[in-house]
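Have it open while you read, and go point by point.

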Amino acid sequence: MMRSAIRIRITRLFGDGLKEPSGCAPYRKWIPRYSIRFRFLILMLTVLLQGTLCSQDLHQKITLKAHRKPLKEVLEDISRRTGINFSYNSQSVPGDLPVSLNVRNRPAGEALSDLLQSHGLTYSVVEKQVVIRPVVELSAGQGPAGKKNKKHFTLYGFLYDKGSGEALIGANVYLKGAGIGTVTNGYGFYSLTLTEGPCRIIYSYLGFREVEKNIELNANTRLSLEMEETNVEMKEVEIIAEESGNNIHNLQMSGFRFNRKSLSRLPGFAGDLDFLKALQAVPGIQTYGDGSALYFVRGGNCDQNLLLLDEVPIYNPAHLFGFFSAFSPDAINEVQVYKGDFPARYGGRLSSVIDIKAREGNMKQFGFSGNIGPYATSLTAEGPIVKNRGSFFLSGRLSSLDWMNYLSIFENEFFSRFFDINAKLNYIIDDKNRLFLTGYTGKDMFSRFSDGEVNASGIRWQNAAATLRWNHLFNNRLFSNTTLNYSHYSYTLDLPQEQQGSWNSSISNMTLKTDFTWYLNPANTLRSGLEITWHQTNPGNVISGTSDPSPAPEVSRTRSFEYVWYLSNEQRIGNRIMIRYGLRLPVWQDIGPSTVYYFNQTHQVIDTIHYGNLESYSVAFSPEPRVSIQFVINKHANVKASYSRTTQFLQLLSTSTSPFTSLDIWIPCGPDIPPQTADQVALGYFREFPVPGLTFTVEGYYKWFHDHPDYRDHANLLFNPLIEGELRFGTARSYGVELMLRKNTGKFTGWIGYTWSRAFAETPEINGGQSYPLMYDRPHNVSINLSFDDKKHWSFSAGWIFLSGAATTTPVGFYYYNGYSVPLYGDRNNDRLPAYHRLDLSATYIFNKPGNRYQHSLALTLYNVYGRLNPFSVNFNKMISDAGNFVVPANLEGNYELVPTTISVAGIIPSVNYIFKF
Amino acid sequence: MKEIKKYIRYLTVGFRESAILRYLKFPVLLLITGLLFLSGCVKETGWDLEHSAGHKIIVDGILTDEVKVHTMVLTRSVDDLNQAPDPVSGATLMLSNEDSAWILPERLTEPGHYCTPKYFSALPGKYYTLQIYVQDQVFTARSAMTEGSYFRELIYLKNETTGLYYIDWVANSFNTGSPAMWEVLLDWSKVNGYTTADSLETHVRLLFYTLPTLDVSELFAPIMEAVCFPKGTVITERRYSLTPEHAEFVRELLLETNWAGGLFTTAASNVTTNLSGGAAGFFGVCSVTELSVIVGASK
């Protein structure tokens, strides 16, 4: 069906007598429907008539500055200044298209070319009338020209959310029917170089209405679009964002992506959308247990995961030990997960990259939203600083757990509080430059009462991060992003009051980097970047006064530089094969001042050297080749394979088997600690089904870990200046198969995943040198996440997860010493805890009619619906007291009888949250 | 502001119109929520253990600078929890320092208990070596004494509800300079009302430690048995000085016993030992200082 209209800007002589209604949609309603012939006749008559009314002079010079103003207004402005008359079809040339122009004393014709070309428009003079039109409108069914000797031109631009003006990340842009496409980068930019001629471009993004553009590509063309979010009024078929077939050309394997909309469909914890909980349900990513923010990816330890918030690393993404994620859910725009096949721009961790993009804030209107719940309350404000040019976003969350103390939920033993603040500013300087400033801070406090005294002992941790980014478009094919960021993480252990002190460890880094993306030609996209990072760690020292006459020994702080250069190319070979290859070259350099202990092979100190300020004492270099290849079998299926090497220079030292953040000591590689490396190969098969949005993925992987760290028995990590001597190095390996059936559109969405995996380590001085399963070796993992949204008032979601029990070490005997019953152990991790499983449910009722600007809803969530007590440890040291409690015997003279016990964290946790937005 | 007012008015209307909210009683719901939150806990469980440790020789012995009979206890490890250990009888124990050597005979009434001569005391500055011969196996340990020191008397408090006393403070748990073990012996067998009670019900032995290290699992250790005692209880407080090696043994022992099973638990593994040959336990030499108080007596 065609709807079109003739829209004529009458000259000054006629004033503004024919004003059209503002806004595209009402305008369309206002326009009568004409036949094509009739419209053409009207157009020609108008042109002829207008041609007689005024003279056109495209050579007259004009000065004009406009930033993201509607095209209609800019043309009116030019018309006022020059007397030029414009004519265009509003159906193909939207008057509200935001355009920018900055010209000084330039011929009007040139200015007009600049203005129109970047939006896929052109003009011609017909009888003294300037007629504006798309480069060339095509009839349906035309594809790319395939003739030889044709030129190539680039179609490029940005994709935005029409409602908020925020960039759309990872949106698909592809040439229909040709298997050629790209996705928008982290800033919504795309560049697609195609053969000249007619082409039909599809723009699609999950949860947004698909846009199809027919253009004649005969020049480099900038085409920025605002895509409209599908609202609840739309029919199901209209929310299909991704045409069947376009996923087939996505080269990335071992990845997973959530946007805000898909996250909102998952059952979170306590009424909060929780990206960490969502991640832990992805095949290949294992949770540790209830209330834990720790996650293990493809046999890697939990410190081998890089978590980035707007490109700045966040070292502890947990609140309340992991019950809540550290970021307010309102602040998250997009989460991209890499379990393998790491693009060369990512590095520094062995096992995963979680790249989170924070929301930018609404460019068009002010908005407020909030989530009020029994455990935490969050509030968000956003809006334009300068309309369509700059915006702000501010979100804060504060725990509200104090009532639990009043109700003795914590049995007056514990006190807990947390907060976080996310802030972001962004400003479009001009068409080629944009700035982003992101800030984040979050803090947790957890104390244990002792005889009614607060803070008898406790734990505090705090993240603080800031990043300043500058996007620059050199030309239609070369995009750059320069980032300056800073991140600091501090972990404090409040010692018992008798010690009058606290222990603190910290890590911080400051990074300056530039990334370039060069869309070289239709077959090659090059990415390269340079990075320099300044790292500092404090492996743990007493920071305040202590009554101890002999103070704790000082553990030397570390300072390091990290230099990185990378280069990768994404190359298309024919229509079926795509290959990405790259190399990342990181160099690590430790510098003074620092006191460095050198150990021999039996872990005894053989030398101690103090290095002066900026004196280099250790350098490590580890080239990281990466390659992946995709073969498209047919329109609905492909196979992929990848190899990647990763290096990790920083490690988190921990002997904890607790699901909680219990002691965070980051330490860099150095003379006694080699950098960890891992090699991963993966093979995958991807298939789309005729049912919209239904996909199936299977991937197998094998991973080798080199210089894998483990610890001597009962390693002492606190107050230990010789902390490096507690480590033991060996190798590890993991392998597995991951299957996933996913449906991401329609009323019913979700996925079913199954993973079979194993993870073993072999360390010469541990377990007699024999291979042993790692704590997170959990062979079977099933996750089911299902959501139903009736598109009116109700939405429901359910998540069920099953994991084999974690490997654990249990006694093979006991002995008695000085009144204690002491366990005797055999092989490491010789046993398994009971299997972990949990069902979460949530139901949300939206009070408003769909599409209403004011929205409020009530969400009921039930965590661990059937109250499964999932143990995270088994112990053999408690007896039952006279009061029926499980306690550790104190009287070593008495005849106590011990019983085996397990500890679990969470029973059923219900929550009712009130969510509002306006 | 206008927007906010409008929104509040809108919300009010929304609530009035909403049938679902009429049935939601927030206070009740919050209470239920609270009662269920963190209802996870410690549970007794049945657990099948693998029995592959064999029956190791366990040595439990501390020499002190007190002049008395010192006893070395030799037992064997057991397969199951609460199983009584078998004593190791018939072993030959030889104790020596740089100057002398002693054969420790087994006490006839208590198998597995090997005693020093009657007036034996360990001397500072000497290294003591314990050699144990069990059939064809030899186990050896070596240890020395660090200097003892006087200490501050423990603090006990009265529970006004029960009228009984409990120990509030013995020593700081962390001190990098002088690690120690504190043995607190409570005896209320002479207190009126308890004189005919069973000895086990009127005698308590508690151990506290001052260590040069601190562990998170220590700070968040599981709850310990509460011990209360009446007025008139005789408290004997004994401080054992510990060598760094002995302190490390104690730390590991506590990680596997008193501190295990809390919220912040660490990887389980065998407690270190200073015994060679595959035996477990520890042979230590300590300097002991002691003081006594009577609960409720005016000072």
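1. Start at B:V59. Leaving aside residues up to four places away in sequence, its contacts are B:M72, B:L74, B:I132, B:F139, B:A141, B:L275, B:A279, B:G281 and B:F283. Contact here means that the C-beta atoms of two residues, placed from the backbone, lie within 7 Å.

2. A word on the model and numbering. This is a predicted model: local features need pLDDT of at least 70 and side-chain atom pairs count only at pLDDT 80 or more, while totals for chains, interfaces and linings use all residues. Residues are numbered from 1 along each chain as its sequence is written, with chains lettered from A and ligands numbered from 1 in the order in which they are written.

3. B:V59 also turns up in the largest nonpolar core, which has 174 residues; along with A:L279, A:L309, B:L74 and B:V250, B:V59 touches the most other members. Helix α6 of chain B (residues 244–256) gives this core its largest share, six residues. A separate second core of 32 residues includes A:F189, A:Y190, A:C199 and A:Y203. (A core is a set of buried Ala, Val, Leu, Ile, Met, Phe, Trp, Tyr and Cys residues joined through C-beta atoms within 7 Å; buried means 20 or more other C-beta atoms within 10 Å of the residue's own, placed from the backbone.)

4. Next, a sheet in chain B. Its four strands run β5-β4-β7-β8, open and antiparallel, and the edges are β5 (101–104) and β8 (137–144). Strand β7 (residues 127–134) pairs with β8(B) over eight bridges, with B:L130 opposite B:A141. (Strands are DSSP runs of E, at least two residues, and helices are runs of H or I, at least four, numbered from the N terminus; strands pair if DSSP finds at least two bridges between them.)

5. Last, the chain contact: 80 residues from chain B and 88 residues from chain A take part. On the chain B side, α3(B) gives the largest share, six residues. Strand β57 of chain A (residues 898–904) pairs antiparallel with β1(B) over three bridges, and A:T902 stands opposite B:K43 there.

Note on methods: A residue is buried if 20 or more other C-beta atoms lie within 10 Å of its own, exposed if 12 or fewer, and partly exposed in between; C-beta atoms are placed from the backbone.
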